[in-house]
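I opened the model today and kept notes as I went. Here is what I looked up, entry by entry.

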Amino acid sequence: MADGTAYCPTCGAAQPRAATPVPLGMPVAAAASYPAVFAAGYASWGNRAVGFLIDGLLVGAGMAILYLLAATVLASIAGLAGHGAFVGMCCMFLLLFPAATLLVGLYNGVYLIAQRGYSIGQGVVHVKTVDAYGNLLSQGTAFLRLVVRAVMGFVPFLPALDLLWPLWDERGQTLHDKAVNCYVVNNPQGI
Amino acid sequence: MDQAGSRSPLATVVGATILFDAVLARMLLAADTQRVYFLGKPILIACAFRRATGLPCPTCGLTRSTVLTLDGKLGAAWHMMPAGPVFVLGALGLAVALLGYAAVARSERPASRLAARRWIVRAGLAYGAAAVVTWLGGWAVQFLQAMHGGLRS
């Protein structure tokens, strides 16, 4: 392999160089003709992080709206507007964060990813989420991916570990990618 | 759930992180029936819902109950809010189950892996249903007590 050519570990045949980042677990028949979508390579961690931050801002905006709604209702109930009614909504944050993640995620992380392959943040940095065969995720798989991510949000440190995981993962996957066996690849054309 | 523990570390990472969090929380937090303490200093955050309505929200007492459970005071924790011990024991059980699954997955025996995965999913679903019932049931009792003037602090 001194010339950089990749060989199939099963049959020993030389493989096209552009097809190097083939997902583990792909059937041999599929590996013989790697999906073209993998030719652009896995998305870099920097791009993924920027996309994640943009999507995170959308969740933050959703949280702010829910927070204002909840605070307004509480202040109205108690007639406490202007008297510290907004202080100490720890339980609200405990409920609002997953609620906002799911509400925003249903559009951004499920509908958009299943329809076109990328969320709003991923679209900005030109990356795309696909399954092991290079196809778009189904609605169900995208939803499961979102649920895994939201549940991980309840475990301290796990979201940070999830975000950092592509730094040392050979296929550039986060933990919630691994849960549904999907990949995030470069999408220079933005299609 | 991952494809195989030796190739995908999801189960190991999640299980180990839960155990790490439990140990860290046990080291940094303490609680009595009134407050939670971080490194010995009280956390002075009151529930806005309770302040506004005088009634407990679904998570009122959950932090105290969780920390009391981690401190081994199961009776006090259950009395504070039954969901605390249930959540802590569930999280620790999940962590152990995931680490066990990761060990089984490394054996590369698909039958064992599938059986372990099926067992974890079924146990998880049963636990989830029981935990939700316990949580909402405990909250409903506290809510009714508060409505009838028996509000615990």
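**Entry 1: V180(A).** I started with one valine and asked: is V180(A) buried or exposed? V180(A) is buried because 20 other C-beta atoms lie within 10 Å. The cut-offs I used: buried takes 20 or more other C-beta atoms within 10 Å of a residue's own, exposed takes 12 or fewer, partly exposed is in between, and the C-beta atoms are placed from the backbone. V180(A) sits in helix 7 of chain A, residues 175-180. Leaving aside neighbours within four places in sequence, I found V180(A) in contact with T141(A), L144(A) and R145(A). Contact here means that two C-beta atoms, placed from the backbone, lie within 7 Å. I also checked A132(A), which is 48 residues from V180(A) in sequence and 9.8 Å away in space, C-alpha to C-alpha.

**Entry 2: ground rules.** This is a predicted model, where local features need pLDDT of at least 70, side-chain atom pairs count only at pLDDT 80 or more, and totals for chains, interfaces and linings use all residues. Residues are numbered from 1 along each chain as its sequence is written, while chains are lettered from A and ligands numbered from 1 in the order in which they are written.

**Entry 3: chain A overall.** I counted seven helices and four strands in chain A. From the N terminus on, they run β-β-α-α-α-α-β-α-α-α-β. Of its 191 residues, 34% count as buried. Among contacts in chain A between residues at least 6 apart in sequence, 63% join residues at least 24 apart.

Then I looked at confidence.

**Entry 4: chain B overall.** Chain B has six helices and three strands, in the order α-β-β-β-α-α-α-α-α from the N terminus. Its C-alpha atoms fill a box of roughly 60 × 30 × 25 Å along the principal axes. Buried residues make up 31% of the 153 in this chain.

**Entry 5: helix 3 of chain B.** How many of the nine residues of helix 3 (62-70) of chain B are buried? Nine of the nine are, so this helix is largely enclosed by the rest of the structure. Among what they pack against, I noted helix 1 (10-28), helix 4 (74-80) and helix 5 of chain B. After helix 3 of chain B comes G72(B), with a positive phi near 85°.

**Entry 6: two helices side by side.** I compared helix 5 (residues 83-106) and helix 6 (residues 110-147) of chain B: their axes come within 10 Å and cross at roughly 175°. The axes are lines fitted to C-alpha atoms over the stretch in contact, with angles from 0 to 180 degrees between N-to-C directions. That crossing makes the two helices of chain B roughly antiparallel (under 35 degrees is roughly parallel, over 145 roughly antiparallel, 65 to 115 roughly perpendicular, the rest oblique). The contact includes F87(B), G90(B) and Y101(B) from helix 5 of chain B, and I120(B), Y127(B) and A131(B) from helix 6 of chain B.

I picked out G90(B), in helix 5 of chain B. G90(B) is partly exposed because it has 18 other C-beta atoms within 10 Å. Beyond four places in sequence, G90(B) is in contact with Y127(B) and A131(B).

**Entry 7: the cores.** The largest nonpolar core has 35 residues, and V185(A) and V14(B) have the most contacts inside it. By nonpolar core I mean buried Ala, Val, Leu, Ile, Met, Phe, Trp, Tyr and Cys residues joined through C-beta atoms within 7 Å. Its largest share, six residues, comes from helix 5 of chain A. Leaving aside neighbours within four places in sequence, V14(B) is in contact with L158(A) and L98(B). Apart from this core lies another of twelve residues, among them A31(B), M80(B), A83(B) and V86(B).
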